[in-house]
Each structure stands twice: as C-alpha cells, then as structure tokens.
2 protein chains.
Amino acid sequence: MKNFTSPLFHLKRVPDSTVRRLSLYLGFLEELEQRGEATVSSDVLARLGGTTSAQVRKDLSIFGSFGKRGLGYFVPELTVRLRDILGLGRDWHVVIVGAGKIGLALAQYPGFREKGFQVSALYDASPAKVGTTVNSIQIRNIKRLASDACTEHFDIGVIAVPAEGAQSVADTMVAAGIKAIMNFAPVQIAVPTDIVTRTVNMGLEFEALSFALANLSK
Amino acid sequence: MKNFTSPLFHLKRVPDSTVRRLSLYLGFLEELEQRGEATVSSDVLARLGGTTSAQVRKDLSIFGSFGKRGLGYFVPELTVRLRDILGLGRDWHVVIVGAGKIGLALAQYPGFREKGFQVSALYDASPAKVGTTVNSIQIRNIKRLASDACTEHFDIGVIAVPAEGAQSVADTMVAAGIKAIMNFAPVQIAVPTDIVTRTVNMGLEFEALSFALANLSK
DNA sequence: ACATGTGAACTGCTTCACAGCG
DNA sequence: CGCTGTGAAGCAGTTCACATGT
C-alpha cells in the first residue's frame, strides 16, 4: 500500500471494533514510550490487547504501512500516527448538558482534559444549579444552549440528563450544529444520519453480566 | 422449534449483540406493559430498538418460540420470559471495590437495586473512608475482602479503583470465588477463562467519537 | 532469519424470503 | 390474511498463510 495516511485517502470502511482496538494500542504505546522502548512488534501489541498479531497488522494496514519488516514498529512514530488517526492530535470542544453525577464527574475529571477533551460549557435545567461554578466552569441555563451555539463552537455534546429529557437535549444539540453526541441517558436517541452518536448504558452492561451468570451452568 | 425455554437446553451460542438487544427489548416491553398494551409485533420492537423485525425474531428464536403467528407476542408473557433469560428474575449480590466517584455512585443509585443488583458490600483501601457509611452500607477495608468472601456470597464484583490497583483487585475477586466482574478501571484485566468480565472504558468511547469527527470529511 | 502486509479462506452475525400456522 | 419462525443467502470481521522486504 502506498502509505496514504491523510484522512482524505480513506477508502476502506473502518470497523468499530478496529477503532476500539486502536485506542487500546495507543495506550500501550504510551506506556512503552515512557519505558523507553524503541520498537514493538505486532505480536507484543496483540498480547497486551488480548488479540492476535494478524489482527493488529490488519487494523493498522487500513491506514497505511507503518512498520519495518523483520523489525516491527517504531514506538514514537506509531504513537503519533495513532493519535493522529484517532483525532487526538487536537483539542475538542465539549459541551455537557446535565450537571448531575455523571455530568459533574466528567467536568471535574482531569484525565478528560489531558486527552484533549476540553469542557467548554456546562448546562442544567435546575435553577438551583444554574449560576454556580464547577471546576471554573459556570453552569448555564439549558435554554441558552441554542443561542450560545451561534457564537461558540462545540464539537461534542454530552447528554447527562435523565431518560425523559434526553431526546429533547439531542434535538437542541443537532439544531446547534453539533455533529457528535455522547449519550449517557438509558434510552435510544434519534438523530439525523450525519450525526455520530454513542450511547453508554451501564444498565445494559450489568444485564449482560447477569445473563452470563444465569447461563454459566448451561 | 420445541420451545425449550429452560437454560438447560441452550444449544446455540448467543451473540453478545443479541444479549444487548434483548435488554433493550425488555425495556420497551416494560413501557408497553405500563401503557397497557396486550401484544406487540417484532416490527414494533424493531422500530423502537433501531433494528429489523427479522433481527428481533432471530434474537428471540434462540431461546424459543414465544409468539403467536398473525398476532405477535403477548407483552406480559414476553416480559417475563426476557427477564428470566437475562437472569433478572432474582437478586444478585454485588460487591463494589473502590469508594471513589464511580463506586459511590453505583452504591447510591436506586435503579441499580431495583433491577435486582443488591450492593452487599463496599470496600476501599483509604483509612479515611473505611468505617464510614454510605447508603446504610459500611465501607470495609479492602484487606478483608478475601476472608469476608468465605462467609458471605458475592455474585458480581465491581472494580472501581484506579488503573494501578485493578489487576490486584481482580485477582482477589477470583480467589474469593467471584465468577463475574465489571471493570471500570481503564486497563485490560487478566482472569481465568471461566470468569466473565466486562470492561467499561469511557475514554475509549470518547476516542471513538473523536475518530468519527476527525474522519467525517473523509 | 524475522516480522510485516495482504489476498484467500473462514467464521459468524445479519438480512432475505417464504413456508407455516393462527 | 398477518405475523412468526427459520433455512438459505449475503456480508463483515477475523484468522490463516505466505510472499515480500529488511
């Protein structure tokens, strides 16, 4: 392959599972870099990530040929490449709606900022919360989101409100031009096809464990 | 199919994606039941869950024939069946290790208990936290987990400690006979093959959004 | 000799289409 | 006739195996 690393040359569809694994590899590479390792083989990355070396190579080959045959991959180089592929070479402006447990936890978590996710604004519907300050971010009234979005730019919207309010928040975000939504409400939200959404539903995860336990005996 | 609904007759492997969808269907059924709907078709469930009617029928057919041709499924009956399949007809004893943000949030969340996940114990390493009470659960010293597990039975272990401590907590849980582990630490944990684990890694989810945004233009 | 990059084979989930039954 | 249940077909992701380059 001709090592077309620019996003402009993405021909193949990228499986979701590949993206998840790339994130994992990046984590391992950052550790390896700190330990001063110069190169790493697909086999080592596979062992760390609980997959196979062929899988690692296939994952990377979607984006280009980053390795040296007989040697492996240069750790610092591959780190930079993966960061670039994952869009982590820059800061994203994040708006969080819902200053409850999840919303506040995210706004206060330092690792979130360090990864390039900058919480630019925090909204809530409760008059008691509006106006208070969290981590030097003032909580604003949710009603202002639509108008604020005209002057401020938000890349990622986080829905951290109860199930009932989730769809309406999503609609506001879409109208505000936000193209990526992380949904922590335990409901499916409907959005136009050009908007990317991910729903994190902890209840579902626990029910999957419950299913596994109930069927262990088989 | 001969409607073998007992877990003893599971012949087919159940895809992970199917389990996730069954949880979703169950949620919709509970809503439909409250609204007094008597029956529901695979088509309606599909629409609610963002999938196809064939997919719904295939998902259910793994476990038996619950529907009536020309009519659909009886809402109360299918609700019970799904709850049973997912192992939600009973209470699970959950032990949470790590009384930080996530651990405390779970211990205090009422919906968790309502779904049958009963937090039986909460452990932490910090002397400042040990002995204090949260939601009528006294926080115990992590060192006592191994011995406590001899007299108390825990079904599900939740790892809610920082990355560094996760593997050691997992080892303790496995030694204590816990068969299912929910891991909130942002690391891969290694466990014997007969132990079920799920890792919830919010960082990975956000990086997937970042990837999608970075490659929107293509 | 060693480890990558990749077409080919394989596996498994999803979609199709229709027979079967209420 | 309507909707389920299910083999068969289709498709996507993974694994295999080896040619290729250092």
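Biologist: Before the interface, what counts as a salt bridge here?

Modeller: A side-chain nitrogen of Lys or Arg within 4 Å of a carboxyl oxygen of Asp or Glu. Keep in mind that this is a predicted model.

Biologist: Fine. How many salt bridges does that rule find across the interface of chain A and chain B?

Modeller: Six across that interface. Over all chains the count comes to 24.

Biologist: Give me one with A:E207. What is its partner?

Modeller: B:K115, through the side chains, with N to O at 3.2 Å. That distance falls within the 4 Å cut-off, so the pair counts.

Biologist: And which residue does A:E205 pair with?

Modeller: A:E205 forms a salt bridge with B:R20, and their closest N and O atoms are 3.1 Å apart. The pair runs between chains, from helix α9 of chain A to helix α1 of chain B.

Biologist: What about polar contacts across the interface?

Modeller: There are 17 residue pairs in polar contact between chain A and chain B, with both residues at pLDDT 80 or more.

Biologist: Which elements of chain A touch chain B?

Modeller: Those giving two or more residues are α1 (16-34), α2 (42-49), α5 (101-108), β7 (156-159), β8 (180-183), β9 (196-199) and α9 (202-214). The largest share, twelve residues, comes from α9(A).

Biologist: How do the residues on that side divide by class?

Modeller: Into 34 nonpolar, eight polar and nine charged.

Biologist: How much area is buried between the two chains?

Modeller: About 4800 Å², of which 73% is on carbon and sulfur atoms. Within chain A, the residues losing the most area to chain B are A:F206, A:E207 and A:F211, together 15% of what that side buries.

Biologist: And how many residues does each chain put into the contact?

Modeller: Chain A gives 51 residues and chain B gives 52.

Biologist: How does the lining split by class?

Modeller: It has 13 nonpolar, 15 polar and ten charged residues.

Key: Residues numbered from 1 in each chain as written. Chains lettered and ligands numbered in written order. Predicted model: local features only at pLDDT ≥ 70, side-chain atom pairs only at ≥ 80, totals over all residues. Heavy atoms only, no water. Contact = heavy atoms within 4.5 Å. Buried area = accessible area lost by both parts, 1.4 Å probe. Polar contact = N/O pair within 3.5 Å; in protein donor to acceptor, adjacent residues only side chain to side chain. Helix = DSSP H or I, 4+ residues; strand = E, 2+ residues; numbered from the N terminus. Nonpolar A, V, L, I, M, F, W, Y, C, P; charged D, E, K, R; others polar.
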